[in-house]
Each structure stands twice: as C-alpha cells, then as structure tokens.
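Reader: Please present the structure under discussion, so that its fold and its charged side chains can be examined in turn.

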Amino acid sequence: TLLDVVVNQDLNIEGFGACEGTLTCSTCHVILKQQDFDRLPEEASDEERDMLDLAYGLTDTSRLGCQIT
Ligand code: FES
C-alpha cells in the first residue's frame, strides 16, 4: 500500500498513518490526480468510505493511503 511505501522509505510525514492501516483514522488521506485515481485497481470499500467521510478536505479523488496499492 501507499502507507507501506511511506513506512518502508522512512518518509517523515507528520502524523501520516496513525492507526497503521487499521481503518480507524483518516490521517493517511491523500488527494489523487484524476488520472491516477482512475488507474487504481479497486474502488474504496464501504469501510474506507466511512472513514473518508471524516477526512479533512474530502474530494472526489480522495482515498486513504493505507488502502491503495
Ligand atoms: Fe489510519 Fe489509513 S492509516 S485509516
């Protein structure tokens, strides 16, 4: 997942991925370019959508970084 990349590359993004991918935060919220959003292999699950609803600045191309591969 994108969260794995951030962790494995030791990227220092303050607060990103606070729940470590257990879908209980929205700190991994990312806003994708439309063309990147369209290339994702899977749509957001109901659980991801529920958590996205709590994300700050939600857009039509928002996803949670811990859920996208
Ligand atoms: Fe918490 Fe993605 S890391 S929902």
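Author: This is a predicted model, in which local features need pLDDT of at least 70, side-chain atom pairs count only at pLDDT 80 or more, and totals for chains, interfaces and linings use all residues. Residues are numbered from 1 along each chain as its sequence is written, and side-chain values use heavy atoms, with hydrogens and water left out.

Reader: In what order do the elements of the protein run from the N terminus on?

Author: Helices (H or I, at least four residues) and strands (E, at least two) are DSSP runs, numbered from the N terminus. The protein has three helices and two strands. From the N terminus on, their order is α-β-α-α-β.

Reader: What is the radius of gyration of the protein, and what does the globule rule give for 69 residues?

Author: The radius is taken over C-alpha atoms, and the globule rule is 2.2 Å times the number of residues to the power 0.38. Along its principal axes the C-alpha trace spans about 25 × 25 × 20 Å. The protein is as compact as a globular protein of its length, because its radius of gyration is close to the value of the rule: 11 Å against 11 Å.

Reader: What percentage of the 69 residues count as buried?

Author: Buried means under 20% relative accessible area, exposed over 50%, and partly exposed in between (1.4 Å probe, protein chains only). The accessible surface of the protein, from the Shrake-Rupley method with a 1.4 Å probe, comes to about 4,900 Å², of which 47% belongs to carbon and sulfur atoms. The buried share of the 69 residues is 35%.

Reader: How many salt bridges does a search of the whole structure find?

Author: A salt bridge is a side-chain nitrogen of Lys or Arg within 4 Å of a carboxyl oxygen of Asp or Glu. One of them joins Asp36 and Arg39 at 3.2 Å, N to O. The search of the whole structure gives a total of four.

Reader: Are Arg63 and Glu48 buried or exposed?

Author: Arg63 belongs to strand 2 (residues 62–64) and Glu48 to helix 3, 15 residues apart, so that the pair links distant parts of the chain. Both Arg63 and Glu48 are buried.

Reader: Leaving aside its neighbours within four places in sequence, which residues is Leu58 in contact with?

Author: Leu58 lies in the loop between helix 3 and strand 2, and it is partly exposed at 42% relative accessibility. Contact means heavy atoms within 4.5 Å. With those neighbours left aside, the contacts of Leu58 are His29, Leu52 and Asp53.
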